[in-house]
Amino acid sequence: MATSGSNASSSKSKQPLTKEQIVNGFNELRQQQRMMASRMSEVEMDMKEHDLVIEVLKGVDPSRKCFRLVGGVLVERSVDVVLPGLISNREKMKEFVASLKTNLEAKGKEINQFRETHGIQIKGDESKDDKGMESSSKGGERQANILANV
């Protein structure tokens, strides 16, 4: 007899999902993708702020004092101490954005596979949809429409 863990998961995957479960699963994947994209844009904005500060500090006397917010506390340091830390933080953010981008692409592929597997079509995706549906899909809040596979 097979182990109950693998047997339970295989019997669970063989049970057809309801339309509601499929739509909820799809919307969950899209929400995860949106959260990743939001986090990525947030970190990219922080990188731009770091770039501005780095450019300003490069043109300043290294012994000049400057202030830096560390854990909610404003601390006084000199430019020659702060600048390497800012550059290091920016590089770490750059790596993080690259990993988020990879994860975002993987999530997109996962969503497309889920759509193909369950026959999901987004209103406004097909050219034969009428104009009313296209205008309702503006703003990124489109409803999943389940087709024949269920």
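Colleague: In which hand does α2 pass α3, left-handed or right-handed?

Modeller: The crossing of α2 with α3 is left-handed. Keep in mind that this is a predicted model.

Colleague: What kinds of residues make up the contact of α2 with α3?

Modeller: That contact has 23 nonpolar residues, eight polar ones and twelve charged ones.

Colleague: Why are they called roughly antiparallel?

Modeller: Angles over 145 degrees count as roughly antiparallel. The angle here is about 160 degrees, so α2 and α3 fall in that class.

Colleague: Now one residue. Which helix has Ala 98?

Modeller: Ala 98 belongs to helix α3.

Colleague: And why is Ala 98 classed as partly exposed?

Modeller: Its relative accessible area is 42%.

Colleague: How far is Ala 98 from Met 40?

Modeller: In sequence they are 58 residues apart, and in space their C-alpha atoms are 9.0 Å apart.

Colleague: Back to the whole chain. What pattern does the chain follow along the sequence?

Modeller: It has four helices and four strands, and their order is α-α-β-β-α-β-α-β.

Colleague: How many residues are there, and what share count as buried?

Modeller: The chain has 150 residues, and 25% of them count as buried. The accessible surface is about 10900 Å², with 53% belonging to carbon and sulfur atoms.

Conventions: Residues are numbered from 1 along each chain as its sequence is written. This is a predicted model: local features need pLDDT of at least 70, side-chain atom pairs count only at pLDDT 80 or more; totals for chains, interfaces and linings use all residues. Side-chain values use heavy atoms; hydrogens and water are left out. Helices (H or I, at least four residues) and strands (E, at least two) are DSSP runs, numbered from the N terminus. Buried means under 20% relative accessible area, exposed over 50%, partly exposed in between (1.4 Å probe, protein chains only). Accessible areas come from the Shrake-Rupley method with a 1.4 Å probe; for residues, only the protein chains shown count as cover. Axes are lines fitted to C-alpha atoms, for helices over the stretch in contact, and angles run from 0 to 180 degrees between N-to-C directions. Angles under 35 degrees count as roughly parallel, over 145 as roughly antiparallel, 65 to 115 as roughly perpendicular and the rest as oblique. A crossing is left-handed if the near helix is turned anticlockwise from the far one by less than a right angle, and right-handed if clockwise. Ala, Val, Leu, Ile, Met, Phe, Trp, Tyr, Cys and Pro count as nonpolar, Asp, Glu, Lys and Arg as charged, and the others, Gly among them, as polar.
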